[in-house]
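Trainee: Could we walk through this structure together, one step at a time? I would like to learn how to read it.
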Amino acid sequence: MTQPTHKIGLSLGDPNGIGPEIALKALSQLPATALQYITVFGPKLVWDKTAQSLDLMYLAQQVQIKNTGSLLEAEFQPGLVSAAAGKSAVDSATAAIQACQAGLLQAVIACPHHETAIHQAGIAFSGYPSLVAKVCGLNENEVFLMLVGGGLKIVHVTLHESVQTALNRLSPQLIQKATIAGIKACVSLGIAKPKVAMFGINPHASEGSLFGPEDLVNTVPAVKSLQQAGYDITGPQGGDVFLAQRQHDLYVAIFHDQGHIPVKLLAPHAASALSIGAQVLLSSVGHGSAMDIAGQNKADPQGLLRTLELIAPHLTKTQNDRAK
């Protein structure tokens, strides 16, 4: 395996969103020595034009960029949802994931994508975890999303799909896979033996079977198997109860909103979204592409900075830290 020379890949996400802007703003707050360890993946024309608009061209020239995709200058229109921009987001992230597979990177950080734009491009996509799975040759059921923010770490068993679709494919095995992926991610983040809480499917984890059989069929046997395997896990219980207690290192959400709402309530613009379960570690921010403010120099890079701090703490001593 090739020795990494640029350890973090930073893909620009949807070029018509705030990704290029927050990328430049975040890098401007890193020490100059850190820039040599970052490679940007995305259209160079977008990188240069965004840097010019922010008066950060000097910074853009210090960072290695891998020009990806075939976005035309006329297709770079901040705020516009388009198939060309959606394809560009997938192309840049794919190139970064492949570079990580080849041993050129230690991890990938991806700026926000826009799912409608990607679907307009005719690309099957249900979030960055699905893309990581596809590029790495894995089943989508092997890569999961873990949100980190507001003091919480929440792994999601299911993600961008209807509740009915999620219920139809739910199983104890899928829940166990997501939980174990979350536990391994916690270990890699420095928690040697994480305490885990399993959210129930129905209110109050179904009150036995009072509110339906779903928990008895899925979460209860999943928890028993994980306990037998030696993991420190409790539940299933209502997510509201566990979150009120705040006694666990990792929470397992069955559905998208179970995990997204508490994290985004506590860290609306500063959460990190990790795709876990594959050999490639990819993290994005916990917010979207903010088309309504794209190209207006209004985007806040704090979510991306928090993600950099989480994934590459050795690179992220900020200007404020250095001033102390």
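Trainee: Which residue takes a positive phi in the hairpin of β5 and β6?

Mentor: Good place to start, and keep in mind that this is a predicted model. The hairpin of β5 and β6 has 2 residues between the strands. The residue there with a positive phi, near 65°, is G150.

Trainee: How many bridges join β5 to β6, and which residue stands opposite M146?

Mentor: The two strands run antiparallel, and 5 bridges join them. Opposite M146 stands V155.

Trainee: Which residue of β10 stands opposite L145?

Mentor: β5 is also joined to β10, again antiparallel and by 5 bridges. In β10, the residue opposite L145 is S275.

Trainee: How many residues of β5 are buried, and which ones point each way?

Mentor: In a regular strand the side chains alternate between the two faces of the sheet. Here L145, L147 and G149 point one way from β5 and F144, M146 and V148 the other way, and all are buried. β5 is therefore largely enclosed by the rest of the structure, and the count of buried residues is 6 of 6.

Trainee: Which strands stand at the edges of the sheet, and why is one side of each left without a neighbour?

Mentor: The sheet is open, with 11 strands and mixed pairing, in the order β3-β2-β1-β4-β11-β10-β5-β6-β9-β7-β8. Each edge strand has a single partner strand, so one side of it has no neighbour in the sheet. These edge strands are β3 (64-67) and β8 (233-237).

Trainee: What is the bridge partner of L274 in β11?

Mentor: β10 and β11 pair in the antiparallel sense, over 4 bridges. The partner of L274 in β11 is S283.

Trainee: How many residues of helix α6 are buried, and what covers them?

Mentor: The buried residues of α6 are Y128, P129, S130, L131, V132, A133 and V135. Their cover includes α4, β4, β5, β10 and β11. Just after the helix, G137 takes a positive phi of about 70°. For α6 itself, the buried count is 7 of 8.

Trainee: How many aromatic pairs are there, and what kind is the pair of F199 and Y251?

Mentor: The count comes to 2 aromatic pairs. F125 and Y128 form an edge-to-face pair, 6.1 Å centre to centre with 85° between the planes. For F199 and Y251 the centres are 6.0 Å apart and the planes at 45°, so this pair is tilted.

Trainee: How many residues apart are F199 and Y251 in the chain?

Mentor: F199 belongs to strand β7 and Y251 to strand β9, so look up where these lie: residues 196-199 and residues 250-253. F199 is buried, with a relative accessible area of 1%, and Y251 is buried at 1% as well. The pair links distant parts of the chain, 52 residues apart.

Trainee: At what angle do α1 and α2 pack?

Mentor: In this contact, P20, E21, A23, L24 and L27 of α1 meet V46, W47, T50 and A51 of α2. These residues divide into 7 nonpolar, 1 polar and 1 charged. The crossing is right-handed, and with axes 9 Å apart the helices pack at an angle of about 65°.

Note on methods:
Residues are numbered from 1 along each chain as its sequence is written. This is a predicted model: local features need pLDDT of at least 70, side-chain atom pairs count only at pLDDT 80 or more; totals for chains, interfaces and linings use all residues. Side-chain values use heavy atoms; hydrogens and water are left out. Rings of Phe, Tyr and Trp (its six-membered ring) pair if their centres lie within 6.5 Å; planes under 30 degrees apart count as stacked, over 60 as edge-to-face and the rest as tilted. Buried means under 20% relative accessible area, exposed over 50%, partly exposed in between (1.4 Å probe, protein chains only). Axes are lines fitted to C-alpha atoms, for helices over the stretch in contact, and angles run from 0 to 180 degrees between N-to-C directions. A crossing is left-handed if the near helix is turned anticlockwise from the far one by less than a right angle, and right-handed if clockwise. Contact means heavy atoms within 4.5 Å. Ala, Val, Leu, Ile, Met, Phe, Trp, Tyr, Cys and Pro count as nonpolar, Asp, Glu, Lys and Arg as charged, and the others, Gly among them, as polar. Two strands pair if DSSP finds at least two bridges between them.
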